[in-house]
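Please consider the structure below, beginning with the ligand and its surroundings. The discussion then turns to a strand residue and to a helix.

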Amino acid sequence: MNRNNSVVSSLAPVKQCMTITTMRKHNPIVFQRSLNDKLRSSFGCFKPLLRHLVLIIFTFAVLVASTSAVGQKVELSVDASKTGAKIDRNIFGQFAEHLGHGIYGGIWVGPDSKIPNTRGIRNDVVAALKAIKVPNVRWPGGCFADEYHWRNGIGPANKRVVTLNPNWGGVIEPNTFGTHEFMDFISQIGSEAYVSVNVGSGTPHEAADWLEYMTTAQPTTLEKERAANGHPAPYKIAYMGVGNESWDCGGNMSPDYYLSQLKIYSHFVRNFNPAQQDKDQMLKIAVGPGGEEPRFVEWTDTIMKAWQHHQWSWDINGLSMHSYTVGHFPPPYKSVGFGEDEYGQILKLTLQMDGLINRYSGIMDKYDPDKKIALVVDEWGAWYAPLPGTNPGFLVQQNSIRDAVLAALNLNIFARHADRVRMANIAQMINVLQAMIMTDKEKMVLTPTYYVFKMYVPFHDATLVPVSFDTGTYTHGDITLPRVDAIAAKDTNGKLWLAITNIDPDQPVEIDANVAGITARSATGQTLTAPKVDSVNTFESPNTVVPKSVSATAQDGKLVLKLPPKSVTVVSVE
Ligand code: AHR
């Protein structure tokens, strides 16, 4: 992430203007009472007339009140006979960096821990991650990747080289979680490895050795070393990142310098796994843009232009993009203890993701109209001020219903760009930034963001179905946002799914869904909402923000769904 430039706009205090309209919206009864008082004092002598007038006004007020309880109506049309691009399951990827308690404490507790574990890896965390079907995990960083030397993390546990982690708090890096532990973790949760190699402070030789160590089946010295360390069979490395943020923490390189490195790494860092030579080939992902600045346009242009005319000796399959919802650095927003102003501001910021994707996929289209190269949003999510009392280098923050809404909005954006955005990794999986899971020694809690990822499992590899609706608007002070967002898709068994987000934190929404192409009889699924805009799950109260069952039956060919304020709903249509 580019820490010097604000991605965002105004954080100006939002004006509270109580017009009659907003008064009525917020409290129709109060409005009607004050009107009654005025009428009484002015027209006291015309009592019978007054009674009629009061009755009319009362009826009107009740109507207004009941409309606001039902909320806005949104007509939504889905045509299940038409389909679009496939939503690659890899957009639901995760990111686990050696940062704070992202690895140590979060995944790795060691085989001697009292916390139930399998070969040192927490059983509770593994079970939770299996349930969200994590398609891939990016490791070991982040900025950490460009300081990681893989040899420090292999061999007997008591002989591992102990180093420092200068990027993230300057703490001790014991290297007890290395290649074998990561691959064990990946296999326990049923995922794929996305390994970032060290371009910033490593060498092509070091990276080439690492890949040979992990993937060769031939009896080389490195293969024998891997077997002696407990894994005779070659590992499958599905994705390889060539550096991380090489324009900043990864070595502050110019686009041309990075391009020359990319060509070398892409050629010499080979995957030898026999099962990955024809099908299942390892995909190589180059460093791409990290914000809106002109230098990132130049960066993207340089890589893509070179790729268009690339020679046989180098190639890539993806270009990464990093975009955090942060405002500026240091991060000004709190992750808990905020109100509707900050709720709206953060969601406004997060919707900039769409423009950023348009900008960079537009450049990619120039050189790659067939969309062979994927745009890989391999760092995204909310980045807030660290929780008071925590190590600022550990990037610890809470996770609220606002983050659940934010996650759904971003996943919907990725899905709508499914033809180009074929992979994404939320930052980060456990205990860091917008995490799925938080742990404290033996305790574990699942965040609102976790539940969104769980509810969206049916969208893994599903096929987009066109959906049209009027988003409406939610206005708070000087913030205006779409009120509703939605996507529709058919899962791999052909079942139709809808994901609908009600951004408005105050008003419910009634969705009247017309489904063409199938006879829709009912819809069932789950809704995630919470009492307050900053409601969170804690170790003490882990069930404040958890999904609840929801269902609807078709009326006159329409599915009527009532969505609570600030909610994410996913239903299947029967
Ligand atoms: O996710 C935290 C950090 O943000 C990553 O290490 C880096 O790539 C980005 O700047």
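**The ligand and its surroundings**

In this predicted model, an oxygen atom of the ligand lies 2.7 Å from a polar side-chain atom of Glu-97. Tyr-324 likewise places a polar side-chain atom 2.7 Å from an oxygen atom of the ligand, and for Gln-428 the corresponding distance is 3.0 Å. On its own the ligand has 280 Å² of accessible area, and the protein covers 100% of it.

The ligand is surrounded by 14 residues, of which the closest are Glu-97, Cys-143, Glu-245, Tyr-324 and Glu-379.

Strand β12 spans residues 374-382 and contains Asp-378. With a relative accessible area of 1%, Asp-378 is buried, because the cut-off for that class is under 20%. Leaving aside residues up to four places away in sequence, Asp-378 touches Phe-95, Arg-138, Tyr-194, Ile-285, Ser-320, Met-321, His-322 and Asn-425.

Helix α6 covers residues 204-215. How many of the 12 residues of α6 are buried? Nine are, so the helix is largely enclosed by the rest of the structure. The buried residues are Glu-206, Ala-207, Ala-208, Trp-210, Leu-211, Glu-212, Tyr-213, Met-214 and Thr-215. Their cover includes the strands β5 (136-139), β8 (192-197) and β9 (239-242), together with the helices α5 (179-189), α7 (221-228) and α8 (255-268).

Definitions and conventions: Residues numbered from 1 in each chain as written. Predicted model: local features only at pLDDT ≥ 70, side-chain atom pairs only at ≥ 80, totals over all residues. Heavy atoms only, no water. Helix = DSSP H or I, 4+ residues; strand = E, 2+ residues; numbered from the N terminus. Buried < 20%, exposed > 50% of the residue type's maximum accessible area, 1.4 Å probe, protein only. Contact = heavy atoms within 4.5 Å. Near = heavy atom within 4 Å. Polar contact = N/O pair within 3.5 Å; in protein donor to acceptor, adjacent residues only side chain to side chain. Areas by Shrake-Rupley, 256 points an atom, 1.4 Å probe, with all protein chains shown as cover. Expected span 1.5 Å × (residues − 1).
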